[in-house]
Structures are given as structure tokens and as C-alpha cells.
Amino acid sequence: MRRSIVLFAAGFLLAGCGGAAPSPSSPAPAAGSAWMDGFCGSLIDFAKIGDFTMPDFEQNDVASARKVMDDAFGVFAPGFDNAVTGLGKLGQAPSAEADAARKSIVDALTPIRDEVLAAKAALDAAPKDDKNAVVAAGAAFRRIGSHMNDMPDPFQQLETNVSLKTLAAQAPNCGKLPS
């Protein structure tokens with residue numbers, strides 16, 4: 001019997017970073033654009049989660065299931081960790097709205113990042129042929145997927161706030177994110 005673990009990824013969350021073209025009468029300061037470039041740059045690995053689909057594997061094939069879980073953690077761990085860490089290292093935000101957007105994303109992603117890193121560490125510590133460790137990793141991924149689906153859209157401010165959209169339109173890394 002084949003078992004498919006499908007995770008709903010967070011690509012829809014990144015919709016606001018593509019941004020609209022700025023109004024010529026209201027250019028954003030260079031510092032704000034640089035901050036926003038760092039903001040979006042922190043999310044590039046996170047965006048890769050949106051392209052990841054857990055492949056099918058034979059339920060009783062521990063080696064195949066282990067490879068699938070290792071590959072999944074290879075996308076999810078840096079995606080969440082780089083987002084939380086990168087956003088946390090950004091300097092002074094150019095506005096209260098930008099700081100609120102950063103805070104809401106960090107607050108939403110941190111507990112999921114912690115769960116991903118803990119599950120990855122547990123699997124990494126287990127012998128390659130440990131079926132229980134692979135089953136536990138699969139269960140962790142189902143919980144992680146559920147938590148991702150349940151979290152509020154932290155990018156809503158980027159979709160609705162004109163000043164943030166203007167900054168995003170001037171930041172090269174924001175153009176690298178799915179719109």
C-alpha cells in the first residue's frame with residue numbers, strides 16, 4: 001500500500017511580496033528599499049517550501065521513506081530557519097508597518113521552525129534503518145503541515161499597505177518571490 005504525505009505549503013503566504021509598481025510621486029527612501037530587500041531575501045528559502053511536494057513511498061520501505069523525510073527536512077529546515085533568523089537580524093525597520101509585518105511573520109513562523117528543527121534533529125540522531133524514527137518524522141510533518149495551514153496570513157500587510165508594496169517593488173529580492 002502506498003502512502004502519500006502531501007503538505008500544503010506556504011506559497012500563498014508570499015503573494016504580497018511581488019508588489020505593484022511604485023507611484024512616481026512617492027519614491028521610497030533607499031534605506032527602506034534596502035531593508036525590504038533584506039526582508040524578502042530572508043524569505044527566499046521559505047518560498048521553496050511552496051514548490052515542495054512529498055513524494056510517494058512504500059510504507060514498509062524504511063530506506064525509501066527515510067530518504068523522502070531527509071529530502072523534506074532539507075527544504076523545510078533552511079526555509080523556516082533562514083526566514084526567522086534573517087528577519088530577526090534586520091536592522092531598524094523603515095516604518096511601523098514594516099516592523100509590524102516582520103514581527104507578525106517571525107511570530108507565526110518561529111514555533112513551526114522550532115518543530116521542524118526538533119523533528120529533523122530527532123531523525124538525524126536515529127540510525128538510518130530506524131523505522132520508528134521515520135514514522136515519527138512522518139507524523140511530525142503531518143502536524144507541521146496542519147500548523148502551516150492554520151496560521152494566519154502574515155503577509156496580509158504587504159498586500160494591503162501601500163508603503164510596503166512600494167518598498168517591495170523597489171527591492172530586487174522581492175521580485176524573486178512568487179507573487
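**Exercise 1. Helices α4 and α5**

Task: In this predicted model, determine how α4 and α5 are oriented to each other, and which residues make the contact.

Solution: 
1. Locate the helices. α4 covers residues 96–125, and α5 covers residues 131–150.
2. Take the geometry. The axes lie 10 Å apart, and the packing angle is about 170°.
3. Apply the cut-off. Angles over 145 degrees count as roughly antiparallel. Therefore α4 and α5 are roughly antiparallel to each other.
4. List the contact. From α4 come Ile112, Glu115, Val116, Ala119 and Leu123. From α5 come Ala133, Val134, Ala137, Ala140, Arg143, Ile144, His147 and Met148.
5. Ten are nonpolar, one is polar and two are charged.

**Exercise 2. Helices α1 and α7**

Task: Classify the crossing of α1 with α7 and describe the residues that meet there.

Solution: 
1. Locate the helices. α1 is residues 30–41; α7 is residues 162–169.
2. Take the geometry. The two axes come within 8 Å and cross at roughly 80°.
3. Apply the cut-off. The range 65 to 115 degrees counts as roughly perpendicular. So α1 and α7 are roughly perpendicular to each other.
4. List the residues. α1 supplies Gly32, Ser33 and Met36, which meet Leu164, Leu167 and Ala168 of α7.
5. Sort them. The contact has four nonpolar residues, two polar and no charged.

**Exercise 3. The chain as a whole**

Task: Give the order of elements, the burial and the contact range of the protein chain.

Solution: 
1. Count the elements. There are seven helices and two strands.
2. Read them along the sequence. The pattern is β-α-α-β-α-α-α-α-α.
3. Check burial. Of the 179 residues, 43% are buried. Here, buried means under 20% relative accessible area.
4. Check the surface. The chain exposes about 8600 Å², and 56% of that comes from carbon and sulfur atoms.
5. Check the contact range. Take the contacts with a separation of 6 or more: 87% of them join residues 24 or more positions apart.

**Exercise 4. Confidence**

Task: Which elements have the lowest and the highest mean pLDDT, and over which residues is the pLDDT below 50?

Solution: 
1. Start with the chain. Its pLDDT averages 81, and 80% of the residues score at least 70.
2. Compare the elements. Strand β1 (residues 2–3) has the lowest mean, 26. Helix α3 (residues 62–89) has the highest, 95.
3. The pLDDT is below 50 over residues 1–28. In the model, this stretch has 68 contacts beyond near neighbours in sequence.

Definitions and conventions: Residues are numbered from 1 along each chain as its sequence is written. This is a predicted model: local features need pLDDT of at least 70, side-chain atom pairs count only at pLDDT 80 or more; totals for chains, interfaces and linings use all residues. Side-chain values use heavy atoms; hydrogens and water are left out. Helices (H or I, at least four residues) and strands (E, at least two) are DSSP runs, numbered from the N terminus. Buried means under 20% relative accessible area, exposed over 50%, partly exposed in between (1.4 Å probe, protein chains only). Contact means heavy atoms within 4.5 Å. Accessible areas come from the Shrake-Rupley method with a 1.4 Å probe; for residues, only the protein chains shown count as cover. Axes are lines fitted to C-alpha atoms, for helices over the stretch in contact, and angles run from 0 to 180 degrees between N-to-C directions. Angles under 35 degrees count as roughly parallel, over 145 as roughly antiparallel, 65 to 115 as roughly perpendicular and the rest as oblique. Ala, Val, Leu, Ile, Met, Phe, Trp, Tyr, Cys and Pro count as nonpolar, Asp, Glu, Lys and Arg as charged, and the others, Gly among them, as polar. pLDDT is the predictor's confidence in each residue, from 0 to 100.
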